[in-house]
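Here is a short report on one protein chain. Look through the sequence and the 3D view, then read on.

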Amino acid sequence: QVQLVESGGGLVQPGGSLRLSCAASGSFFSIEAMTWYRHAPGKQRELVARITSTRNTNYADSVKGRFTISRDNAKNTMYLQMNSLKPEDTAVYYCNVGGYDYSGQYYSKWGQGTQVTVSS
């Protein structure tokens, strides 16, 4: 069983920065892809950034150059450094972690979500 705890959301002014964290705990054999999604009111859920176990990354075009995804495998934790935030970044941010359990089954687990609000 994998548990995820997200933290780091909040209210920030345009141009400001926030750092989100997603910590995984529990019993699992491996963590493969770690992904941040966001869901804004009236919009579809959007993939923001993804990092693989080999630290390959990809980003949504809307956040390239402003957001940086990283992971600390020793802590089973993923981060999203968000700089130059814009009002359109306002959303609930969710982490998703995928990997394998000890029986060889692939799991995909979602965090509880953290609100990011960019407003003056």
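Is N76 buried, exposed or partly exposed? N76 is partly exposed, because its relative accessible area is 25%. Keep in mind that this is a predicted model.

Start with the backbone at N76. Its phi is near 50°. That is a positive value, and N76 is not a glycine. Most residues other than glycine have a negative phi. N76 sits in the loop between β7 (67-72) and β8 (77-82).

S84 is another case. Phi of S84 is also near 50°, again positive in a residue other than glycine. S84 belongs to the loop between β8 and β9 (91-100). Its relative accessible area is 40%, so S84 counts as partly exposed.

## The chain as a whole

Now step back. What is the secondary structure made of? The chain has 0 helices and 11 strands.

The overall dimensions come next. The C-alpha atoms fill a box of roughly 50 × 25 × 25 Å along the principal axes. A compact globule of 120 residues would have a radius of gyration near 14 Å. The chain has 14 Å, so the two values agree.

Of the 120 residues, 40% are buried. The chain exposes about 6300 Å². Carbon and sulfur atoms supply 47% of that area. Contacts also reach across the sequence. Among contacts with a separation of 6 or more, 53% join residues 24 or more positions apart.

## Salt bridges

Side chains of opposite charge can pair when their charged atoms come close. How many salt bridges does the chain have? The count comes to 4.

Take R38 and D89. Their side chains meet in a salt bridge, with N and O 2.9 Å apart. The pair links distant parts of the chain, 51 residues apart. R38 lies in strand β4 (residues 30-39), while D89 lies in the loop between β8 and β9. Both R38 and D89 are buried.

D89 has another partner. D89 also forms a salt bridge with R66, and their closest N and O atoms are 2.7 Å apart. R66 lies in the loop between β6 (57-59) and β7, and D89 in the loop between β8 and β9, so this pair ties together parts 23 residues apart in sequence. Both D89 and R66 are buried. The links go on to form a network of salt bridges, made up of R38, E46, R66 and D89.

## A salt bridge with exposure

D61 and K64 form a salt bridge as well, at 3.1 Å from N to O. Is D61 buried or exposed? D61 counts as exposed, because its relative accessibility is 64%. K64 counts as partly exposed, because its value is 49%. The cut-off for exposed is over 50%.

## A buried charge without a salt bridge

E6 is found in strand β1 (residues 2-7). E6 is buried, yet has no salt bridge. How far away is the nearest side chain of opposite charge? That side chain is R45, and it is 11 Å away. A salt bridge needs the nitrogen within 4 Å of the carboxyl oxygen.

E6 does have a polar atom beside the backbone. A polar atom of its side chain lies 3.0 Å from the backbone nitrogen of G113. Leaving out residues up to four places away in sequence, E6 touches several residues, including S21, C22, W36, Y93 and G111. T114 is one of its contacts too.

T114 lies in strand β11 (residues 114-118). T114 is buried, because its relative accessible area is 12%. The cut-off for buried is under 20%.

Which backbone atom does the side chain of T114 reach? The side chain reaches the backbone nitrogen of G9, at 3.2 Å. T114 also touches residues from other places in the sequence, among them E6, L20, A91 and V92. Y93 is on the contact list of T114, and Y93 is on the list of E6 as well.

Technical notes:
Residues numbered from 1 in each chain as written. Predicted model: local features only at pLDDT ≥ 70, side-chain atom pairs only at ≥ 80, totals over all residues. Heavy atoms only, no water. Helix = DSSP H or I, 4+ residues; strand = E, 2+ residues; numbered from the N terminus. Buried < 20%, exposed > 50% of the residue type's maximum accessible area, 1.4 Å probe, protein only. Lys, Arg positive; Asp, Glu negative; His and termini not counted. Polar contact = N/O pair within 3.5 Å; in protein donor to acceptor, adjacent residues only side chain to side chain. Contact = heavy atoms within 4.5 Å. Rg over C-alpha atoms; globule rule 2.2 N^0.38 Å. Areas by Shrake-Rupley, 256 points an atom, 1.4 Å probe, with all protein chains shown as cover.
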